[in-house]
Amino acid sequence: MTEPNSTEELPERWNALGPDSSMWMDVKEDPRFTEGTDVDGERDTMLGYLRGYRLTLEMKCEGLDAEQLARRSVPPSTMSLLGLVRHMADVERNWFRRVMAQTDAPPLYWSDDIPDADWAGATADPAVVAEAWLAWRDEIAFANEYIAATDDLGVRSPMPDGSTVALRDVIIHMIEEYARHCGHADLLRERIDGRVGQ
């Protein structure tokens, strides 16, 4: 299949359950819906959604090589799945490590010298891929530890502009950030190998 006015070959659409399904995978095997993910209360609900979206990003990247992960498959956008992983590592780091915990932690990729360094540096190099996953997982581990050690979701931390932000607001923002970018990941993945699904 090719796009109108294009000579580029497009992948055939598919999913793990066959042509009659719109599911990414069998729900019984989906780690987002495993036993023990039933939640109750504000904290568990918010953290359940955040966990689910983090897993979704990881699943959308699963099974791809460095070239595919780094492919900017919806031109002229500079987005790639690898760029999303790098971007979200910095977003996690900014909100949980820098803002909430108030640690002196410079950005991993963001730079005043290189605009969109998180996207621009997402190159088809296995070492870049491995480093991005390591950074993302490290930042998630820090965030999870910080949240677990904080009893009150209303605890506030100062922002650079002099205002303050509550942990509750940061978690909700992270859910929104992942939800938006998982939508991008849906399109990026489908354009790479045709795989569709939730």
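Before starting, one cut-off is needed: a residue is called buried if its relative accessible area is under 20%, and exposed if that value is over 50%. Keep in mind that this is a predicted model.

**Exercise 1. The overall layout**

Find out how many helices and strands the protein has, and in what order they come.

Solution. Step one is to count: there are six helices and two strands. Step two is to follow the chain, which gives the pattern α-α-α-α-α-β-β-α. Step three is to look at burial, and here 43% of the 198 residues count as buried. The protein exposes about 10800 Å², with carbon and sulfur atoms supplying 53% of that area.

**Exercise 2. A serine in a strand**

Decide whether Ser157 is buried or exposed, and describe its surroundings.

Solution. First, locate the residue: Ser157 belongs to strand E1, which covers residues 156–158. Next, apply the cut-off: Ser157 has 4% relative accessibility, so it counts as buried. Then follow its side chain, which reaches the backbone oxygen of Met100 at 2.9 Å. Finally, list the neighbours: leaving out residues up to four places away in sequence, Ser157 touches Val99, Met100, Gln102, Tyr146, Ser163, Thr164 and Val165.

**Exercise 3. An alanine in the other strand**

Work out which residues Ala166 touches, not counting those up to four places away in sequence.

Solution. Start with the position: Ala166 is in strand E2, residues 164–166. Its relative accessibility is 4%, so Ala166 counts as buried. With the sequence neighbours set aside, Ala166 touches Met100, Leu153, Gly154, Val155 and Arg156.

**Exercise 4. A pair of rings**

Search the whole structure for aromatic pairs and say how the rings are arranged.

Solution. The search finds one aromatic pair. The ring centres of Trp133 and Trp136 are 5.4 Å apart and the planes meet at 75°, so this pair is edge-to-face. The cut-off behind that step is an angle over 60 degrees. Now place the pair: both Trp133 and Trp136 sit in helix H5 (residues 126–148), three residues apart, or about one turn of the helix. Trp133 and Trp136 are both buried.

Arg86 lies over the face of Tyr109, 4.0 Å from the ring centre, and Arg97 lies over the face of Phe142, at 4.1 Å from the ring centre.

**Exercise 5. An aspartate in a helix**

Find which groups the side chain of Asp193 reaches.

Solution. Begin in helix H6, where Asp193 is placed. Its side chain makes a polar contact with the side chain of Arg189 at 3.0 Å. The side chain of Asp193 also reaches the backbone nitrogen of Arg195, at 3.1 Å.

Technical notes:
Residues are numbered from 1 along each chain as its sequence is written. This is a predicted model: local features need pLDDT of at least 70, side-chain atom pairs count only at pLDDT 80 or more; totals for chains, interfaces and linings use all residues. Side-chain values use heavy atoms; hydrogens and water are left out. Rings of Phe, Tyr and Trp (its six-membered ring) pair if their centres lie within 6.5 Å; planes under 30 degrees apart count as stacked, over 60 as edge-to-face and the rest as tilted. Helices (H or I, at least four residues) and strands (E, at least two) are DSSP runs, numbered from the N terminus. Buried means under 20% relative accessible area, exposed over 50%, partly exposed in between (1.4 Å probe, protein chains only). A charge sits over a ring if NZ of Lys or CZ of Arg is within 6 Å of the ring centre and within 35 degrees of the ring normal. A polar contact is a pair of N or O atoms within 3.5 Å; within protein, one must be able to donate a hydrogen and the other to accept it, and residues adjacent in sequence count only if both atoms are side-chain atoms. Contact means heavy atoms within 4.5 Å. Accessible areas come from the Shrake-Rupley method with a 1.4 Å probe; for residues, only the protein chains shown count as cover.
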